[in-house]
Amino acid sequence: MTVLMSQFSGLAAGGEVGITHAIRILGRELDIPMALCGVSNVSAIGSDHLLAPV
């Protein structure tokens, strides 16, 4: 839901350029957590990288 809201906000604020910018921001926000987990792309994320609910 949060991802879609970001894209809609980008679209409303700047049209195609705004949504492109919003998607780039989301991509950058994933870069650091993925690097800390030792993966370089989304397809390398496995169930061992996720926390089970307590």
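Which residues make a nonpolar surface patch of about 370 Å²? I looked this up first, in a predicted model where local features need pLDDT of at least 70, side-chain atom pairs count only at pLDDT 80 or more, and totals for chains, interfaces and linings use all residues. I number residues from 1 along each chain as its sequence is written, and side-chain values use heavy atoms, with hydrogens and water left out.

**Patch.** I find that L30, V42, I45 and L50 make the patch. Patch members have over 30% relative accessible area and no salt bridge, and nonpolar side chains (Val, Leu, Ile, Met, Phe, Trp, Tyr) are joined within 5 Å, like charges within 9 Å. A salt bridge is a side-chain nitrogen of Lys or Arg within 4 Å of a carboxyl oxygen of Asp or Glu.

**Whole chain.** I count one helix and zero strands; these are DSSP runs, helices (H or I) of at least four residues and strands (E) of at least two, numbered from the N terminus. Of the 54 residues, 9% are buried (under 20% relative accessible area; exposed is over 50%, partly exposed in between, with a 1.4 Å probe and protein chains only). I note an accessible surface of about 4500 Å², with 67% belonging to carbon and sulfur atoms (Shrake-Rupley method, 1.4 Å probe; for residues, only the protein chains shown count as cover).

**After the helix.** I looked up V42 in the segment after α1 (2-36). V42 is exposed at 54% relative accessible area, and its C-alpha atom is 9.6 Å from that of D31, eleven residues apart along the chain. L50 lies in the segment after α1 and is exposed at 58%. D48 is also in the segment after α1, exposed at 65%. I read 10.0 Å between the C-alpha atoms of D48 and C37, eleven residues apart along the chain.
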